[in-house]
Amino acid sequence: MSIHSDWITKDFGAFKLRYKPYTLEMRYVFTVASFSRTTTPVVLTQLEYDGIIGYGEASMPPYLGESQESVINFLNKIDLSGFNSPFQTEELLAYVDQISAKNTAAKASVDIALHDLIGKILGQPFYKIWGLNPALIPATSYTIGIDTEEVIRKKVMEADQFKILKVKLGLETDKMIIDTIRQCTDRPLCADVNQGWKTKEQALEMSHWLAERGVVFLEQPMPKEQIDDNAWLTAHSPIPTIADEACQRLIDVPALQGVYSGINIKLMKCTGMREAKRMAELAQSLKMKVMIGCMTETSCAISAAAQLAPLVDWADLDGALLIGNDIYDGMKVIDGQCILPDRPGIGILAE
């Protein structure tokens, strides 16, 4: 192992794996029902094979329980000397997954870099390799965090290109936030409660109140442990419910049928692109809605998630727009639409 210009480099013969910590700086203080923050720690990765480099990323919002230190400790354990081709994808990613039980963001950073590498070797964007049509990507929402009336108005005005807004709720200010937004715009809204409501009665009352104000779905309205309450709400709510904190990986999906109307898939929760696509297809086979979401991320992880966005009902891929120090050029949002670059792999360039 060697350290070169702050990248940690591991040479396995056929493969080289590099990684380094990086800190994302938020444009605004980011507040949800359970915390506020101004930065997000990430670890950037590179996977090199035959002189071609694939890019990846692990993003660690505090609630996931990962840190730059834990990701680097995980990546330090990886030994790819037993692999001689990136097209051993299933075996390679299964090997990475079994190193530890959790560390899903760390695993995603390898998965994303591997998919980017494979796409570059094949000379095709990954959405084409998957046979997907980028014209089918739904308009992405833009997130309005919990804030004061004045700042919420400013955020809504700045988000004028977006056709749907995602609103963070879950505190006593919920109705003020929605009323403030409705004074500024009549665009559709989706509400992300981040487990902030505690009773099914409160959740049902709010679901009717929000439906009357143009909210199209509720994301994780109550704590994920309240399975019966969430199922009851889904049966009675006038708008769909989406599992977020309750939905981490592929194995979670079958038990969510009937508890929620759909699922929110995030690469950092599910170990990356390979499992995310399987989750989307499984949920659809169970007649559940699918949303592709994100953490606060650079255009690397956002562009990776966007490769499978043609499969989904809703997209929330604004993570790179919430930061001021993105270092990649990738997916663009133009008039609220996700525009994928016609470049191989996940389509990013390092700036």
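Tutor: The discussion below takes up helices first and then a sheet.

Tutor: This is a predicted model, in which local features need pLDDT of at least 70, side-chain atom pairs count only at pLDDT 80 or more, and totals for chains, interfaces and linings use all residues. Residues are numbered from 1 along each chain as its sequence is written, and side-chain values use heavy atoms, with hydrogens and water left out.

Student: What makes the reach of H3 close to the expected one?

Tutor: The expected span is 1.5 Å times one less than the number of residues. For the 19 residues of H3 (104–122), 27 Å is expected, and the first and last C-alpha are 27 Å apart.

Student: Why is H3 called largely enclosed by the rest of the structure?

Tutor: Buried means under 20% relative accessible area (1.4 Å probe, protein chains only). Of the 19 residues of H3, 16 are buried, so H3 is largely enclosed.

Student: How are H2 and H3 placed relative to each other, roughly parallel or roughly antiparallel?

Tutor: H2 (residues 89–98) packs against H3 at about 165°, with the axes 10 Å apart. Angles over 145 degrees count as roughly antiparallel, so H2 is roughly antiparallel to H3. Contact, meaning heavy atoms within 4.5 Å, involves residues including Leu92 and Val96 of H2 and Leu114 and Ile118 of H3.

Student: What makes E10 and E11 a pair?

Tutor: Pairing requires that DSSP find at least two bridges between two strands. Two bridges join E10 (residues 241–243) to E11 (residues 262–265), which run parallel; Ala243 has Ile263 of E11 as its bridge partner.

Methods
Helices (H or I, at least four residues) and strands (E, at least two) are DSSP runs, numbered from the N terminus. Buried means under 20% relative accessible area, exposed over 50%, partly exposed in between (1.4 Å probe, protein chains only). Axes are lines fitted to C-alpha atoms, for helices over the stretch in contact, and angles run from 0 to 180 degrees between N-to-C directions. Angles under 35 degrees count as roughly parallel, over 145 as roughly antiparallel, 65 to 115 as roughly perpendicular and the rest as oblique.
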